[in-house]
Amino acid sequence: MKKKSLCIVLIFALLTSIFPMTIFADTENIIVKEETAITDDGYKIKVVETKKYALTEVFDPNGNFVDSTKLDLNSGQVTYTQKDGTVELSRFDDYVEEVTIDIPEEQLSKSIEGDSLIQGKDSVSESKLSNVTVQSLLNEPVTDDGLVDSIYGDGYKFLGSSGVWYFDDPGYLFRKIGLMTKHEAHQFTFTAGTAVSTILSIVVGAFTGGAWSTVVITSLLITGSGALIDYFRGTFDYRTYNYLYKVRVKTKTSFETYRNISYWVSYSDATATLRFKQKNFNHGFSPANFEMVKAGIDKYMVDNP
């Protein structure tokens, strides 16, 4: 029995002497997410996130190495390496702090055009359809800022209206934000000239489980070739909106539906502006708003032959 136990121990010791570093490397360096983004001026940005670190490398349009930043997710050490081999060390906490900024929710929405006060109270003949507002049907804002309240007192906002060739009166589209859910959020401070690789490693490392997208970060924040042009203090988060819609024809509600959409969001404290980029269309009415209005008109015609 003792010989058998000793044999098992020796076999285990032999195996661990051969494989421990390989096994450790495999578990620590499992890639959670790997992405590549190209800036408007041709710079290539590659980001690799593992369970142990977030590494960002930047290459110029000719494929030459510019710089890299590696964030150790355990220790918080940030290692910035330039193309000449110069290395600068900093800490994750130098850039990230507890979220304290009071973010206004209504910032970037577009105001609708045209006379929105009637909203279907009076019939509109086919000859007047050119005066019907379509601005927010085409470019629907994320938030309700700039939208006109529904005159029907139901808590909805007026988006706009459009018609179809086979019916005299248009349909009027209204929307209400039924629920907005904020998910993970972090507050960052980056001084002017902060390297793109550093920004990306810090933002990617702050969000759990590969939540952020390299393309999104570059589109929301970075505009130069290799460096952030302006000082930035603000937050990044992602949130989900559940929108409720209704179409009215001749004042009557003829069609109701919804959309559930998630957005990446950045907020700049200096400019007090929100920037949105769609993350996912989760579920709901997927065709365009004009199709939604058409569905309302068709339903009205069925109900009122």
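1. In what kind of interaction do the side chains of Asp169 and Lys250 meet? They meet in a salt bridge, with an N to O distance of 3.9 Å, the term standing for a side-chain nitrogen of Lys or Arg within 4 Å of a carboxyl oxygen of Asp or Glu. Asp169 lies in the loop between E9 and strand E10 (171-190) and Lys250 in the loop between E11 and strand E12 (252-268), so the pair ties together parts that are 81 residues apart in sequence. Asp169 is buried at a relative accessible area of 9%, whereas Lys250 is partly exposed at 36%; buried means under 20% relative accessible area, exposed over 50%, and partly exposed in between, with a 1.4 Å probe and protein chains only.

2. On provenance, this is a predicted model, in which local features need pLDDT of at least 70 and side-chain atom pairs count only at pLDDT 80 or more, while totals for chains, interfaces and linings use all residues. Residues are numbered from 1 along each chain as its sequence is written, and side-chain values use heavy atoms, with hydrogens and water left out.

3. For the overall picture, the protein has 6 helices and 13 strands, these being DSSP runs (helices H or I of at least four residues, strands E of at least two) numbered from the N terminus. Of its 305 residues, 42% count as buried.

4. A second pair joins Asp154 and Lys246, whose closest N and O atoms are 3.3 Å apart in a salt bridge. Because Asp154 lies in the loop between strand E8 (148-149) and strand E9 (157-162) and Lys246 in strand E11 (residues 232-249), the pair ties together parts that are 92 residues apart in sequence. Asp154 is partly exposed at 21% relative accessible area, while Lys246 counts as buried at 10%.

5. Glu34 and Lys46 also form a salt bridge, with 3.6 Å between the closest N and O atoms. Glu34 belongs to strand E1 and Lys46 to strand E2 (residues 44-50), so this pair ties together parts 12 residues apart in sequence. Glu34 is partly exposed at 45% relative accessibility, as is Lys46 at 28%.

6. The whole structure holds 14 salt bridges, and Glu140, Asp144, Arg175 and Arg259 are linked in a network of them.

7. Finally, Asn29 sits in the loop between helix H2 (20-28) and strand E1 (31-38), and is partly exposed at 36% relative accessible area. Leaving aside residues up to four places away in sequence, Asn29 touches Thr50 and Tyr53, contact meaning heavy atoms within 4.5 Å.
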